[in-house]
Amino acid sequence: MTETFNQDTLINYEKLLGKKELYKLWLVFDKEGEGFVIRAQAALKNHDYPSLRAVYHQIRPAAEVFGLDSFALLCAKIEHNIVNRDLAEIDQEVCESISLCKKGLSSLALYMDSAHAAK
């Protein structure tokens, strides 16, 4: 089974930013992740591909910081496919990305709350 998130990435950013700052960023990313799902679904439903691309472009860097490697790679693929008008599998890709995002956020929440919450 593939890891939901890359813990080494989190540890590297924790060393770089500090425990408290990383946790603050996590709180922002957690809220953004919830909004991502809503925005992605709405843009796909409306066939608003420029907005859909923007949604993925905005969330991908944070996904990379928090070690959501599979999700970040799929975000890049979706962006690429939209730019190149390769939309044959876009519905499936968006559904898969939403699932990866939700799983990643859930796993990260457990990790971050136990390892980084201010005590």
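**Figure 1. The contact between helices H1 and H2 in a predicted model.** Leu10, Tyr13, Glu14 and Leu17 of H1 meet Lys19, Glu21, Leu22 and Leu25 of H2; contact means heavy atoms within 4.5 Å. By class, the residues of this contact of H1 with H2 are five nonpolar, no polar and three charged. In this grouping, Ala, Val, Leu, Ile, Met, Phe, Trp, Tyr, Cys and Pro count as nonpolar, Asp, Glu, Lys and Arg as charged, and the others, Gly among them, as polar. Helices (H or I, at least four residues) and strands (E, at least two) are DSSP runs, numbered from the N terminus. The model is predicted: local features need pLDDT of at least 70, side-chain atom pairs count only at pLDDT 80 or more, and totals for chains, interfaces and linings use all residues. Residues are numbered from 1 along each chain as its sequence is written, and side-chain values use heavy atoms, with hydrogens and water left out.

**Figure 2. The axes of H1 and H2.** Two packed helices are described by the angle between their axes and the distance between the axes. For H1 and H2, the axes come within 7 Å and cross at roughly 120°. The axes are lines fitted to C-alpha atoms, for helices over the stretch in contact, and the angles run from 0 to 180 degrees between N-to-C directions. H1 and H2 are therefore oblique to each other. Angles under 35 degrees count as roughly parallel, over 145 as roughly antiparallel, 65 to 115 as roughly perpendicular and the rest as oblique.

**Figure 3. The packing of helix H2 against helix H3.** H2 covers residues 19-45 and H3 covers residues 49-65; their axes lie 9 Å apart, at an angle of about 160°. The two helices, H2 and H3, are therefore roughly antiparallel. H2 passes H3 in a left-handed crossing. A crossing is left-handed if the near helix is turned anticlockwise from the far one by less than a right angle, and right-handed if clockwise. On the H2 side, the contact is made by Phe29, Glu32, Gly33, Phe36, Arg39, Ala40, Ala43 and Leu44. On the H3 side, it is made by Tyr49, Ser51, Leu52, Val55, Tyr56, Ile59, Ala62 and Ala63. The contact of H2 with H3 has twelve nonpolar, two polar and two charged residues.

**Figure 4. Lys45 and the loop residue His47.** Lys45 lies in helix H2 and counts as exposed, at 68% relative accessibility. Exposed means over 50% relative accessible area, buried under 20%, and partly exposed in between (1.4 Å probe, protein chains only). His47 is found in the loop between H2 and H3. At 54% relative accessibility, His47 is exposed. The phi angle of His47 is near 55°, a positive value in a residue other than glycine.

**Figure 5. Arg85 in the loop between H4 and H5.** Arg85 counts as exposed, at 73% relative accessibility. Its phi is near 55°, which is positive in a residue other than glycine. The C-alpha atoms of Arg85 and Lys45 are separated by 17 Å, and the two residues are 40 residues apart along the chain.

**Figure 6. Ser97 and Met112 in helix H5.** Ser97 is found in H5, which covers residues 90-115. At 0% relative accessibility, Ser97 is buried. Not counting residues up to four places away in sequence, Ser97 touches Phe36, Tyr56, Phe71, Leu74 and Ile78. Met112 also lies in H5 and is buried, with a relative accessible area of 0%. The C-alpha atoms of Met112 and Leu22 are separated by 9.2 Å, at 90 residues apart along the chain.

**Figure 7. Thr9 in helix H1.** H1 covers residues 7-17. Thr9 is buried, with a relative accessible area of 15%. Leaving aside neighbours within four places in sequence, Thr9 is in contact with Glu64, Val65 and Gly67.

Figure 8. Along its principal axes, the C-alpha trace spans about 45 × 25 × 25 Å. Of the 119 residues of the chain, 37% count as buried. Among contacts between residues at least 6 apart in sequence, 69% join residues at least 24 apart.
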